[in-house]
Amino acid sequence: MAIDVQIFESEQELDRKAAEWLAARVRPGAVLGLATGNTPIGMYRELAAMHRRGQISFAGVRAINLDEYVGLSREHPESFAAFMEEHLFRWVDIAPEDRHIPNGAAPDPVQEAERYEKLYWEIGPVDAQVLGIGSNGHIGFNEPGTPFDSVTHVVELAEATRIANAPAFGSPEAVPRYAITLGIRNIMAAREIILLAKGASKAEAIRRTLKETPTPEVPASVLQTHPNVIVLLDREAAKLL
Ligand code: PGA
């Protein structure tokens, strides 16, 4: 099935559409696959507003995040656990025991990845998966070259990723070197996937993702082989299509 690609004139329209898409899939028992990064912040803001207005309840929903930095505890302000707390969890009624994210502070990251893989299959597969994309085409922290059949694993972050994420840490060197990420196989197990991309820095990755033959060199290109994907782009991210 061809990927449904939608292009938006404003960031707010894109955020609203993404929030409506996810909200339509929120029901007791639903498993949501959640992502961090700058891109989905507006979507989370819209979801929090919908919840505040009484339009949606997340009661009975289970959330499983894509990834976390190795070495950062949930209390670290740049951890993805802290991100989720700040941008979504504190505003909505997902029960604390139903919010899952790899433990970046686990003493043995490899064992933690194994635990998270097991957890994924106990809870999942995911019904609705939210994804951003790296300028190098990564999804989750599956960097270029990651096999399409990868499961949850410890990854050494690509230089491009550490540069992209440097502002929050002060410098690329201060960005954690490793992360735990769901694998591409986990991501592809989701029943439905929404990929969000904003800005010119994503344009080339989006072009390769949608137009080139799927290759592990562009991890997001695997989505061409998924039956149910929607891609929301702003004009800048779509400019090379
Ligand atoms: P961003 O990150 O939303 O901050 O651009 C996306 C990603 O790296 O997957």
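1. In this predicted model, helix H3 makes the largest contribution to the lining of the largest pocket, giving 5 residues. Helix H3 covers residues 80–87, and strand E4, helix H5 (159–164) and helix H6 (166–169) are likewise elements that each supply at least two lining residues.

2. The volume of this largest pocket is about 850 Å³. Its lining comprises 37 residues, of which Thr36, Gly37, Asn38, Ala164 and Asn165 are the closest to the pocket centre.

3. Strand E4 also belongs to an open sheet of 3 strands, ordered E4-E8-E7 and paired in antiparallel fashion. Strands E4 (67–69) and E7 (153–156) are the edges of the sheet; each has a single partner strand, and therefore one side of each lacks a neighbour in the sheet. On average, and with direction ignored, neighbouring strands here are turned by 25° against each other.

4. The antiparallel pairing of E4 with strand E8 (residues 178–181) rests on 3 bridges. Within this pairing, Glu68 has Ile180 of E8 as its bridge partner. Helix H4 (residues 109–123) lies across both E7 and E8, and runs at about 130° to E7.

5. The largest nonpolar core holds 76 residues, and those touching the most other members are Leu22, Leu34, Met43, Leu47, Phe58, Leu88 and Leu223. Helix H1 (residues 11–23) gives the most to this core, namely 6 residues.

6. When neighbours within four places in sequence are set aside, Leu47 is in contact with Ala19, Leu22, Ala23, Ile56, Phe58 and Leu88. Among these contacts, Leu22, Phe58 and Leu88 are themselves listed with Leu47 as residues that touch the most other core members.

Terms used:
Residues numbered from 1 in each chain as written. Predicted model: local features only at pLDDT ≥ 70, side-chain atom pairs only at ≥ 80, totals over all residues. Heavy atoms only, no water. Pairing = 2+ DSSP bridges. Helix = DSSP H or I, 4+ residues; strand = E, 2+ residues; numbered from the N terminus. Axes fitted to C-alpha atoms, helices over the stretch in contact; angles between N-to-C directions. Contact = heavy atoms within 4.5 Å. Core = buried A, V, L, I, M, F, W, Y, C linked by side-chain atoms within 4.5 Å. Buried < 20%, exposed > 50% of the residue type's maximum accessible area, 1.4 Å probe, protein only. 1 Å grid on protein atoms, 1.4 Å probe; cavity = no way out; pocket = protein on both sides within 12 Å on 5 of 7 lines; lining within 4 Å. Points joined across faces, edges and corners; volume = space filled by probe spheres on them.
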